[in-house]
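Please look at the model below and read the report alongside it.

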Amino acid sequence: MKQTEPQKDRERLYLEVSTVNGAVSLPLHSSIVLFLLSYTECSSFHVYLVTDQADVLPSLSGLVPEGLVVSEVRRDELPGLVRMCRLPAALEPDVCFCRAGLAVVLRHIIQSVCQLTPGRKDVASLLGFKNTCLKACAEVSQWTRLCELDIPSAVEEHLRNPEDQMCRLPAAILNLEKRLGEPVKVHNDDKIRRQKLQQQKKSDSKLKGPGTEMESHPNESHPGVELSAALAKLSADAVPSPSTRERSDIRKVKTTDLPELEHVFAEGLYFTLTDVVLLPCIHQYLVSLQKHTPCTLSNLPLLLRWYQRVQELPSVLRAAKDCGMALLSLSMTDPCPPQTEAPLPSGADQEGPKLKQEPFIGGPRPTLTKLQENGIDAVYSAHPCPSWTVDWESLPAAVNPTEGKMSDARAVRKQQQLNNLVAMVTELAHPGHTVVDFCSGGGHVGIVLAYTLPKCQVILIENKEESLVRARDRSAQLGLTNIGFIQTNLDYFTGNFNIGVALHACGVATDMVLDRCLQARAGFVISPCCYGFIQNTLKFNFPKSARFAETLSYKEHMILCRFADQTAVSLPSERRLIGKRCMGLVDLDRSWAAETHGYSVRVMTMVPEGCSPKNNMLVGIPTR
């Protein structure tokens, strides 16, 4: 670990340091990032430890891998974009492009290593099949939420109060134990499952002789084929095994009758980024359990088996030692007597929102009638500037949405949509304001705003790296200096701003943007989309407003959402009118909920209406 002066050409990596009663420690998110840096042997980042007190590095000796360039920085000295995010965060040398959040930063480290050393197949494999490991954001993926948020939070809560949790296991830990027992599905698993069947038949013939019976050990697991496939994948110089034709009796077995594959690592057969995330968490949790409640280990047989298997990898052992993790050697079967009563699940069965909506029968008319009988119907405000337009002809080509490689007809519709949003933002914005373009995609909204509002700072937030990089390249062509880019999930953005804008934020993303604007007491201009994807989540329940909730059930509200998506131009005009009415009602519910937070909200229609089938716009300003 080398402490040195900042180097302008290095990408900066900011990690949090905790200080409790004068004691310095690393939060789990910081420990996980450092473990990955060691595992991948990545030294291309300048690591900054964010602290509220000076000289913390000596206290962290042995926890920060050797070979890293490390400095300390006070929280009030962080660059602007980093200060707006929850850590960890990575900042590019030009300080206008920031990546924040655990999964986003970890994936970026892996991609950086692969770019610098293309031959590191062991590192590339961490991103899993089609490079999708932990790519889906925690707002929509229960698995990402479990690994990125729930388990680190549960372990840190346990470490703060280990004595208070003697009789119960955290829900997140129980959830992981349950997942480790589920059947494994991998690409081309049919071949591996046939190999497993063949192995089982060989074992049967060797161990089961005439007149004898095999002794059953239900708690033991020997996934020989799975383990061989997993270790072969990790070997840097592995070559494909020669294809051998299975026995005829094996080939004839139906796929549905083949044995299920067992977990070797967290996501199935292969060691991935998920294992890297989980190991520092589970290690600290097991160390604490062994000290305080060792008998509880008997309730986590699959987790213990996983913990022992990851230790079979030399790179894991090396990185663990480099980060001061003395991995435990635990027995698969705990010597404590079995408990008569299982630990309290503490909500383990509540794995989060179900992705499937409740089924319903019939159309929207009964629900619309019910609302109308209670004096509720869609209400649209008049558009304050229906003829206003951006002067597209006078703008540089890089500002125009035609740069986004779309058809001419779609580009015209996109221009019309942008006219509406830019008009509303211009109405609300003042010099010195910060405007945030949420779910920014390729930057169609944010780049126009940055160009037309040069005295405002514009921040683009998007979780898809490819889209945000395109936006950055477009803004570089224009030489914009009042624009910044943050690749992150919405939960990791914590900065203050004056106006939030989002064009076609899908489903509950609209509600997440609204919530973030309300927290910041910021004005908002939002065009919702994908109403059919709206559903209850950990953060939001529908209907949102008291008056709607008194009138409609969740199921009835979902009927509105489902039919609010029936506005495509290819549909009959009567159905489109019903869809537009349902859209207005869903957004009316949203606007009434926002008004209880001290906002004045207008629901209006973009002009011309044909610019998009999803042509609603919510415009709100704080009134107190």
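At what angle do H10 and helix H11 (residues 301-310) pack, and how far apart are their axes? The angle is about 115°, and the axes of H10 and H11 lie 11 Å apart, where axes are lines fitted to C-alpha atoms, for helices over the stretch in contact, and angles run from 0 to 180 degrees between N-to-C directions. Helices (H or I, at least four residues) and strands (E, at least two) are DSSP runs, numbered from the N terminus.

This is a predicted model, in which local features need pLDDT of at least 70 and side-chain atom pairs count only at pLDDT 80 or more, while totals for chains, interfaces and linings use all residues. Residues are numbered from 1 along each chain as its sequence is written, and side-chain values use heavy atoms, with hydrogens and water left out.

**Helix packing**

The crossing of H10 and H11 is left-handed, a term used if the near helix is turned anticlockwise from the far one by less than a right angle, with right-handed used if it is turned clockwise. On the H10 side the residues that meet H11 are Asp275, Leu278, Leu279, Ile282, His283 and Leu286, and their partners in H11 are Leu303, Leu304, Trp306, Tyr307 and Val310.

H10 (residues 273-292) also packs with helix H1 (residues 28-39), at an angle of about 130° and with the axes 9 Å apart. H1 and H10 are therefore oblique to each other; angles under 35 degrees count as roughly parallel, over 145 as roughly antiparallel, 65 to 115 as roughly perpendicular and the rest as oblique. The crossing of H1 and H10 is right-handed. From H1 the contact involves Leu28, Ser31, Ile32, Phe35 and Leu36, and from H10 it involves Leu273, Val276, Val277, Leu279, Pro280, Cys281 and Gln284, contact meaning heavy atoms within 4.5 Å.

**Buried residues**

Buried means under 20% relative accessible area, exposed over 50%, and partly exposed in between (1.4 Å probe, protein chains only).

| Residue | Helix | Relative accessibility |
|---|---|---|
| Leu560 | H19 (residues 554-564) | 0% |
| His557 | H19 | 0% |
| Thr551 | H18 (residues 546-551) | 10% |

Leaving aside neighbours within four places in sequence, Leu560 is in contact with several residues, including Thr367, Leu368, Phe548 and Val586. The C-alpha atoms of Leu560 and Met583 are separated by 7.6 Å, although the two residues are 23 apart along the chain. With residues up to four places away again not counted, His557 touches Phe542, Pro543, Leu552, Val586 and Asp589, and Thr551 is in contact with Lys370, Leu371, Asn374, Ile376 and Glu556.

**Cysteines**

How many disulfides does the structure hold? It holds zero, a disulfide being a pair of cysteine sulfur atoms within 2.5 Å. For Cys133 the closest cysteine sulfur, in Cys147, is 7.9 Å away, which is too far for a bond. Cys137 is likewise in no disulfide, as the nearest cysteine sulfur, that of Cys439, is 9.0 Å away. Cys133 counts as buried at 4% relative accessibility, and Cys137 counts as buried at 11%.

**The whole chain**

The secondary structure comes to 20 helices and 15 strands, and 53% of the 624 residues count as buried. Among contacts between residues at least 6 apart in sequence, 75% join residues at least 24 apart.
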